[in-house]
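Here is a short briefing on one structure. Keep the sequence and the 3D view open as you read.

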Amino acid sequence: MENELKVPTMAELFAAGQQPEVLFWVGCAGSFDDRAKKITKAFVKILNKANVSFAVLGTEESCTGDPAKRAGNEFLFQMQAVTNIEVLNAYEVKKVVTACPHCFNTLKNEYPGLGGNYEVVHHTQFLKQLLDDGRISMEGGQFKGKRITFHDPCYLGRANNVYEAPRDLIRKLDAELVEMKNCKKRGLCCGAGGAQMFKEPEKGSKDINIERTEQALDIKPEIIAAGCPFCNTMLTDGVKNKEKESSVAVMDIAELIASAEDL
Amino acid sequence: MEYISNIIFAIILFAGIGFFAKNIKKLSRNIKLGKAVDTSDNKPQRWNNMFRIALGQTKMVVRPIPGILHIIVYLGFIIINIEVLEIIIDGLLGSHRIFAFLGRFYSFLIGSFEILALLVIVAVVVFWIRRNLIKLKRFLNPEMKGWPKKDGNLILYIELVLMILFLTMNAADYQLQQMNVAHYTKAGAFPISQFIAPLFQDMSTSSIILIERSAWWLHIVGILMFLNYLYYSKHLHILLAFPNTYFGRLKPKGQFENLEAVTKEVKLMMDPSADPFAAPDEHAPVPEKFGASDVMDLKWVQLLNAYTCTECGRCTSECPANQTGKKLSPRKIMMDTRDRLEEVGKNIDANKGEFVADGKQLLGDYITHEELWACTSCNACVEACPVSIDPLSIIMDMRQYLVMEQSAAPSDLNNMMGNIENNGAPWPFNQMDRLNWSKES
């Protein structure tokens with residue numbers, strides 16, 4: 001029996017005169033993509049369990065503008081950014097957590113120049129903090145000894161030098177963390193960044209997600225852990241393409257923790 | 001007639017340095033064709049980067065074999081150049097081994113130069129084997145055909161010849177010292193060239209002097225020629241790596257610059273007090289071009305990047321698009337930018353300091369749309385570059401031109417952008433449905 005999710009919106013809290021500890025920026029994938037919605041829910045379950053005071057913007061949230069900016073449409077990006085910043089500033093948001101490294105990077109690095117100054121953390125950093133503060137505990141029984149590899153999202157790793165938070169969490173699950181040939185600073189892209197998610201790839205000899213999936217399968221993991229909804233889609237497709245979906249799961253770090261806690 | 005060789009030396013030296021200075025002036029003018037960018041911030045961090053990355057070669061050793069070999073050649077270049085200082089003074093004054101008074105320290109210096117010279121020869125031979133026999137993939141990309149391949153080998157040959165001349169000069173000198181020939185002061189240690197010296201044993205003194213003098217002259221003339229070759233080659237990195245790492249990016253790699261020209265327009269659009277029917281100001285400056293279609297639209301640091309690139313191809317070998325057979329090669333982006341900039345520079349020279357439109361531009365004539373759209377903006381190329389070059393920024397500037405000036409995005413991306421404009425999401429979902437996930441089980 002699944003507990004109902006408690007997902008307060010900023011508007012509700014604001015009306016009640018409350019200010020949450022943190023705003024959860026869900027992102028477009030997290031709101032609409034069927035696979036990514038599971039990640040969103042897993043993360044909310046953890047937040048609920050840990051009694052974190054948070055809120056979402058809900059229908060007041062809009063695309064950060066990342067895919068428009070990477071596609072070269074600076075105009076559309078800034079329109080999105082300025083609109084979002086107006087909403088965020090109206091609610092006096094101080095801290096933002098998001099499960100999407102693209103939203104994370106844009107909010108953290110590109111919004112300050114347009115008047116949006118917030119402390120922005122990726123959900124793996126936030127979860128690591130909850131763990132360090134003793135607000136969640138992880139008994140990794142279910143994942144004990146499992147071979148898990150972590151795929152570094154470009155916009156979390158190289159773009160913002162966050163490599164350890166997701167890895168620390170995997171280690172806490174008592175899992176065997178195994179690294180791919182290309183990892184951390186030299187991690188290979190899943191193929192979705194730079195607005196590639198929304199277009200067909202250029203002509204080539206192979207799709208990038210297949211190349212990356214092969215790197216992952218080379219080290220024989222039971223789980224490929226991801227920290228980005230787009231990487232998740234690309235790698236899930238890759239694993240399906242290799243007909244390995246029965247033996248290799250692609251899971252977000254939040255999903256790993258929610259499963260370990262049996263939420 | 002006594003001073004004839006000193007005079008000839010002085011003429012060659014000043015001609016060599018003068019010609020090089022002229023080309024450096026041209027190089028600097030070309031770089032300044034780029035748009036202004038403020039690099040006055042964070043000086044300590046910038047110096048630190050230069051010391052660490054350029055002087056300390058920290059990013060070279062990410063790939064240990066070429067990294068360590070490169071450090072040998074680099075140290076050889078820097079340290080053996082102390083010897084060049086002596087050669088220049090000797091050449092101008094007609095002295096011989098003027099630093100010999102340093103005694104044991106001098107012996108130590110010459111001895112270490114010789115050992116380094118031998119190591120450089122070994123490294124250069126291995127580099128040649130890697131380029132021509134082992135055929136490493138990154139040296140075989142299409143952009144490496146023709147001149148770039150020749151250029152790479154030529155540099156290795158020049159370095160090899162210079163080192164051999166240096167050792168030959170020392171060997172002959174050592175032999176003459178052993179024979180107590182006047183003018184050849186007993187000075188220096190010759191751990192390597194002492195094994196070459198026996199070759200000269202049976203020769204006459206004058207023959208050995210001839211060999212020593214020839215090697216000495218060829219060595220210094222060779223160095224001056226090599227100095228002047230730099231401008232015409234990829235090898236400029238030995239100088240430009242220093243400013244390039246100093247001026248390199250300090251912000252997080254994921255932070256792309258927000259275009260100020262766009263900010264102005266967006267602020268105006270969002271301003272409720274702005275008059276939507278206002279006639280445009282007649283004296284308003286022509287709006288800035290969005291993005292880049294040619295080298296003059298890029299910033300000067302990007303142009304410095306282009307001249308600094310030594311075509312090592314680490315960027316391209318890390319590029320996910322290139323690895324999976326797409327046309328994009330970050331190295332080619334840099335080479336194209338440099339080649340077009342050189343073309344523009346020559347155009348300016350030929351037209352009395354004014355650029356005359358030549359019907360060409362970087363976009364299309366050098367870099368194709370297909371290359372630009374293959375980029376995933378993953379920053380692997382930026383991370384891989386051992387001298388802080390940023391090919392991604394050029395790709396993004398050119399995408400901006402394609403989208404904002406030409407509306408030439410692939411149709412899939414136009415759909416995506418249309419969705420963001422209409423629904424606030426890259427997919428056609430209603431913004432009002434954003435929270436539906438919370439009610440789904």
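This is a predicted model: local features need pLDDT of at least 70, side-chain atom pairs count only at pLDDT 80 or more; totals for chains, interfaces and linings use all residues.

In chain A, helix α3 (residues 34-49) packs against helix α11 (residues 253-260) at an angle of about 50 degrees, and their axes are 8 Å apart.

**More on the helix pair**

- Two packed helices are described by the angle between their axes and by the distance between those axes.
- The crossing of α3(A) and α11(A) is left-handed.
- From α3(A), the contact uses K38(A), I39(A), A42(A), F43(A), K45(A) and I46(A).
- From α11(A), it uses A254(A), E255(A), I257(A) and A258(A).
- What classes do the residues of the contact of α3(A) with α11(A) divide into? Seven are nonpolar, three are charged and none is polar.

**The sheet in chain A**

- Strands of a sheet pair through backbone hydrogen bonds, in either a parallel or an antiparallel way.
- Chain A has an open sheet of four strands, in the order β6-β5-β7-β8, and the pairing is parallel.
- Which strands are the edge strands? They are β6 (176-178) and β8 (249-252) of chain A, and each pairs on one side only.
- From one strand to the next, the twist averages 35 degrees.
- Strand β5 (residues 147-150) of chain A pairs with β6(A) in the parallel sense, over three bridges.
- Look for I148(A): it stands opposite L177(A) in β6(A).

**Helices on the sheet**

- Helix α8 (residues 164-172) of chain A packs on the sheet and touches β5, β6 and β7 (223-226) of chain A.
- The direction of α8(A) makes about 170 degrees with that of β5(A).
- Helix α10 (residues 229-241) of chain A lies across β7 and β8 of chain A.
- Helix α10(A) runs at about 170 degrees to β8(A).

**Where chain A meets chain B**

- The contact takes 58 residues from chain A and 56 residues from chain B.
- On the side of chain A that touches chain B, at least two residues each come from α2 (27-32), α3, α4 (66-71), α5 (74-90), α6 (101-110) and α9 (208-218) of chain A.
- Helix α5(A) gives the largest share of that side, seven residues.
- By class, that side of chain A has 22 nonpolar, 19 polar and 17 charged residues.

Note on methods: Residues are numbered from 1 along each chain as its sequence is written. Chains are lettered from A and ligands numbered from 1 in the order in which they are written. Two strands pair if DSSP finds at least two bridges between them. Axes are lines fitted to C-alpha atoms, for helices over the stretch in contact, and angles run from 0 to 180 degrees between N-to-C directions. Two residues are in contact if their C-beta atoms, placed from the backbone, lie within 7 Å. A crossing is left-handed if the near helix is turned anticlockwise from the far one by less than a right angle, and right-handed if clockwise. Ala, Val, Leu, Ile, Met, Phe, Trp, Tyr, Cys and Pro count as nonpolar, Asp, Glu, Lys and Arg as charged, and the others, Gly among them, as polar.
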